[in-house]
Amino acid sequence: MDDPGQLSEYGKILSLAIVGLLLVGGTIFTAKLISPKRPNSIKLSTYECGEEAIGTSWVQFNPRFYVVALIFLLFDVELIFIFPWATVFGNAEFIALDNRWGWFTLIEMAIFLGILIVGLVYVWKNDDLNWVKPRTVRPQVNVAIPASAYDKLNAKSYAIRDYKEIASSVATEEKAPKTSAPKPAFKPRFRKADDS
């Protein structure tokens with residue numbers, strides 16, 4: 001590092017970032033210059049993965065999406081913490097300095113993974129990993145009808161008539177001349193509203 005012309009490690013990262021920004025910016029600027037410009041209503045509309053953009057964007061999402069996303073983030077962050085731990089844990093220099101270092105890091109990661117496994121078991125037991133929760137509940141109705149009446153209705157066999165026979169019988173009844181007008185089952189009574 002005695003040579004002042006030598007770039008430091010951070011200087012190399014800075015030069016790579018500058019070159020990357022110049023390349024990306026140059027590509028976007030060149031595309032803007034040479035691309036054809038023929039706007040129309042379809043091109044200027046919002047693209048939503050092939051769906052028509054109709055209505056408001058404030059729609060209700062199923063909360064299961066958030067649960068799955070949180071579980072994914074939980075275990076994704078777990079892996080982010082495990083990789084550097086494995087690198088440090090496998091470093092022979094640290095272990096050679098003190099033998100307790102290896103046991104400490106192993107116990108530390110076991111506690112970390114244990115907490116995450118408890119969270120996974122909790123989510124698993126609550127059926128949050130299942131997209132469709134199969135919870136069948138038999139409806140209970142408090143009525144004065146005895147259960148034997150329901151059993152009698154369920155045990156009875158009913159004759160099933162063909163719908164074609166029913167349709168043909170209705171059609172023949174409509175074609176037959178009616179001898180007398182049927183009497184109404186009830187006579188409606190309407191009260192006039194008081195105008196006073």
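**Reading the helices and their contacts**

Reply: Helix α1 spans residues 9–34, which is 26 residues, and reaches 38 Å from its first C-alpha to its last, close to the 38 Å expected at 1.5 Å a residue. The expected span is 1.5 Å times one less than the number of residues. Helices are DSSP runs of H or I with at least four residues, numbered from the N terminus. This is a predicted model, in which local features need pLDDT of at least 70, side-chain atom pairs count only at pLDDT 80 or more, and totals for chains, interfaces and linings use all residues. Residues are numbered from 1 along each chain as its sequence is written, and side-chain values use heavy atoms, with hydrogens and water left out.

Me: How many of the 26 residues of α1 are buried?

Reply: Buried means under 20% relative accessible area, exposed over 50%, and partly exposed in between (1.4 Å probe, protein chains only). In α1 the number buried is 0, so this helix lies largely in the open.

Me: Is threonine 105 buried or exposed?

Reply: Threonine 105, in helix α4 (residues 100–125), is buried, with a relative accessible area of 4%. Contact means heavy atoms within 4.5 Å. Leaving aside neighbours within four places in sequence, threonine 105 is in contact with Trp85 and Phe89.

Me: How many aromatic pairs does the structure hold?

Reply: Rings of Phe, Tyr and Trp (its six-membered ring) pair if their centres lie within 6.5 Å; planes under 30 degrees apart count as stacked, over 60 as edge-to-face and the rest as tilted. The structure holds 1 such pair. The ring centres of phenylalanine 81 and phenylalanine 112 are 5.9 Å apart and their planes stand at 85 degrees, so the pair is edge-to-face.

Note on methods: Helices (H or I, at least four residues) and strands (E, at least two) are DSSP runs, numbered from the N terminus.
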